[in-house]
Structure formats: C-alpha cells, structure tokens
Amino acid sequence: MTMTTDIKITRVKESNFETIDLDNVAFGTVYSDHMFSCDFKDGEWQQPEITPYQPLQLDPSARVFHYGQAAFEGMKAYKDENNDVWIFRPEENWKRICFSSNRLAMPEVPKEIFMEGLKTLLSMDSEWVVPGRGNTLYIRPFIFATQAGVSAAPAEEYKFMIICTPVQAYYKGGDVKVKISDHYSRAANGGVGATKAAGNYAAQFYPTKKANEEGYQQIIWTNSTHEYLEEAGTMNVFFRIGNTLLTAPTDDRILNGVTRKSIITLAEREGLKVIVRKVSVAEVIEAAKIGELKEVFGTGTAAVVVPITGVGYKDDHYDLPKLDNAYSTMLKGKLLDIQYNEAEDTFNWTQKI
Ligand SMILES: *Cc1c(COP(=O)(O)O)cnc(C)c1O
C-alpha cells in the first residue's frame with residue numbers, strides 16, 4: 001500500500017476573514033476559509049485534499065446516519081506575541097482518534113495524514129488564529145462512515161476531515177452549577193465512554209436539558225450505581241477537598257482528557273497534592289456539608305478550566321466558596337502561559353506551525 005501525504009490544495013479566491021465580526025459570532029457558527037479531507041476506500045486512505053470550506057454531498061443511506069459510526073477530536077491553535085501559531089500536544093489527539101476509531105470499528109487515520117493535514121491547514125488559515133489571550137482557533141478533526149447502504153455492519157468507506165472555527169471562550173463566564181446524576185448515565189461498563197464517539201454527546205443532551213430546567217448548567221456523571229463521580233458535562237472533573245485535589249482514574253467509562261493530564265502534571269509541579277482515585281458522591285457531599293469542599297472544576301480543551309460554583313444532589317444544593325487563590329485559577333493560568341508561548345514549555349507540549 002502506497003500512502004501519499006501530498007495534499008491536493010485548492011485555495012479560496014478570496015478569504016472570508018475580513019467579512020467576519022469575531023466579537024459577535026456564536027461559538028462554532030463560522031468556519032475558516034479551508035477544510036481538510038481524506039477518504040478511505042478500497043482498503044486504503046486516498047489522496048488528502050484541502051479545499052475551500054463547503055458542504056458535503058453524501059448518499060442518504062450513508063452508514064453514519066443510521067448506525068452512528070463517527071468520532072471527533074477537539075484541539076486549539078494559539079497565536080503568540082510574535083504572530084507565531086502553536087498547537088498543544090497534537091499527538092495525543094491523533095492517538096485518541098485512533099483509539100475511538102478502533103472501538104467503533106473504523107480505520108485509524110495515519111499519523112502523517114493527521115499531522116500534515118493539520119499543519120498545512122493551519123498554515124493556510126493562520127490569519128484565523130487571532131492573537132490575544134483567550135482567542136483561539138478551535139480545531140475539529142472528525143471521521144465518519146460514508147459508505148451507502150443500510151446493512152448493519154461496519155462501513156468500508158470513511159471520510160476524515162478537519163475544520164476550524166474561531167473562538168473567544170466556550171463558556172462565557174457566569175455561574176456553572178452542576179447536578180450530580182442519580183439516574184442517567186453517559187457511559188456503560190465496557191461501553192464507549194472513553195471514546196469521543198459522536199453518539200456519546202447525543203445521549204447527554206436530554207438529561208442535560210432536564211438539569212438546565214432545574215437551574216443547573218451541567219451534569220456530573222456518575223458510575224452505574226451512581227456512587228462515584230466521573231465527569232462534569234463533557235469535561236473531566238477535579239475536586240479540592242481541604243488542600244488535596246482529587247480526580248477519578250480514566251477507564252473505559254471516563255475520557256482520557258489531554259487537559260486533565262496536563263493539569264495533573266502542572267499541579268504536581270506546583271507542589272499540590274493530587275490523588276487520582278475513585279471519588280465517591282458521599283465523601284464530596286460530606287465535605288460540602290462541613291465546608292471542606294473548597295473547589296470543583298472541569299477541564300477540557302474547549303473551556304480549559306471551568307470553576308464550578310455550586311453542586312446539586314437530589315433535593316439539596318451546596319454553593320462553593322469564592323476563593324481568592326483558587327487552584328483552578330492558578331492552574332489555568334499556568335496552562336495558558338504554556339499554550340500561548342508565554343512560559344517555558346519544559347514538558348515539550350507545544351509545537352510551532
Ligand atoms: C473531549 C472530552 C473531554 C476533554 O478532553 P480534552 O482532551 O481535555 O479536551 C472530557 N470528557 C469528555 C466526555 C470529552 O468528550
């Protein structure tokens with residue numbers, strides 16, 4: 001099998017960038033000038049392409065619509081003060097989309113296609129990475145089954161794509177209160193919770209909407225017996241009890257977040273006590289009752305670190321204290337310093353485009 005990473009490039013006639021009012025676009029509604037795509041068929045990856053951003057044409061019987069073979073990634077590009085564009089731990093995202101693809105019986109995207117596609121696309125659309133802390137270009141790699149025909153079997157044809165959308169901040173500040181789930185689940189033992197399967201998100205919308213109606217922005221997902229805390233919405237979750245940070249170990253129900261991993265490393269470097277172990281609902285509620293639950297925060301590429309202001313469980317609600325020197329603020333700052341090339345990257349996490 002010969003594999004080509006020679007990308008066929010068709011440029012836009014004129015960039016859209018100047019026509020966009022970035023201060024007034026909602027997240028994910030506007031896309032950069034170009035998109036990357038690569039088809040898998042006849043058992044191999046075909047020539048990759050970069051074209052102007054445009055709609056796709058798919059057969060209505062394409063498997064993705066019927067059996068949900070689809071997975072995605074979320075990454076960001078950052079611009080530093082010298083106008084250089086940086087990406088953060090991109091190999092982790094490549095490894096994870098391969099992990100998700102394997103679990104959903106889809107082919108792995110070769111590393112060269114993922115990396116070359118990403119870097120070429122970003123260098124073509126670098127203007128869309130707006131400088132300034134908080135401004136990023138959100139990158140969405142994804143793969144889905146394109147083969148026509150509704151027979152219930154893994155498809156033999158797929159498309160891998162990368163699209164990019166400029167973003168300021170995913171959660172526009174404000175309170176993020178979470179409800180601990182005592183009924184719904186986002187993941188099953190032996191299921192696909194650890195993957196970024198598109199369907200995981202579909203399954204979360206309805207319970208999240210019900211939590212919204214009760215005044216909570218997100219759900220803290222629990223294990224099958226609803227005794228242990230696993231993730232907050234679509235983020236990994238940390239609890240600070242006293243001066244100890246706790247977060248659950250990743251397994252086949254919990255997504256192995258790049259942000260989670262990076263925050264653990266940074267917290268340890270800063271001398272904080274971090275313990276990775278199962279965290280029970282009972283101990284968190286008990287800590288909240290006696291004032292020892294100092295912080296709860298979510299981590300993920302889109303929102304980086306999100307402080308949670310209150311936790312609901314059954315009919316009770318616990319507000320969290322507003323701390324002047326919260327771990328979440330400090331750790332978010334340290335991470336952003338590295339991502340924006342404002343601090344030395346001693347872990348070799350970043351790559352310049
Ligand atoms: C993407 C995702 C995360 C965060 O992962 P990062 O690599 O930090 O962006 C956490 N939980 C779920 C369920 C996710 O889909």
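A polar side-chain atom of Thr259 sits 2.6 Å from an oxygen atom of the ligand. This counts as a polar contact (a pair of N or O atoms within 3.5 Å). Taken alone, the ligand exposes 390 Å², and the protein buries 96% of that; such areas come from the Shrake-Rupley method with a 1.4 Å probe.

The model is predicted: local features need pLDDT of at least 70, side-chain atom pairs count only at pLDDT 80 or more, and totals for chains, interfaces and linings use all residues. Residues are numbered from 1 along each chain as its sequence is written, and side-chain values use heavy atoms, without hydrogens and water.

| Residue | Ligand atom | Distance |
|---|---|---|
| Tyr201 | oxygen | 2.4 Å |
| Glu231 | nitrogen | 2.5 Å |

The ligand has 14 residues around it; Lys196, Tyr201, Glu231, Thr259 and Thr301 come nearest. A residue belongs here if one of its heavy atoms lies within 4 Å. By class, the shell holds 4 nonpolar, 6 polar and 4 charged residues. Strand β13 (235–241) and helix α5 (258–269) each supply at least two of the shell residues.

Where does Glu231 lie? Glu231 is part of strand β12, residues 228–232. Strands are DSSP runs of E, at least two residues; helices are runs of H or I, at least four. Glu231 counts as buried because its relative accessibility is 4%, and buried means under 20% (1.4 Å probe, protein chains only). A polar atom of the Glu231 side chain lies 3.0 Å from the backbone nitrogen of Leu255. Beyond four places in sequence, the contacts of Glu231 (heavy atoms within 4.5 Å) include Arg186, Trp221, Asn236 and Leu255.

Note on methods. Buried means under 20% relative accessible area, exposed over 50%, partly exposed in between (1.4 Å probe, protein chains only). A polar contact is a pair of N or O atoms within 3.5 Å; within protein, one must be able to donate a hydrogen and the other to accept it, and residues adjacent in sequence count only if both atoms are side-chain atoms. Ala, Val, Leu, Ile, Met, Phe, Trp, Tyr, Cys and Pro count as nonpolar, Asp, Glu, Lys and Arg as charged, and the others, Gly among them, as polar.
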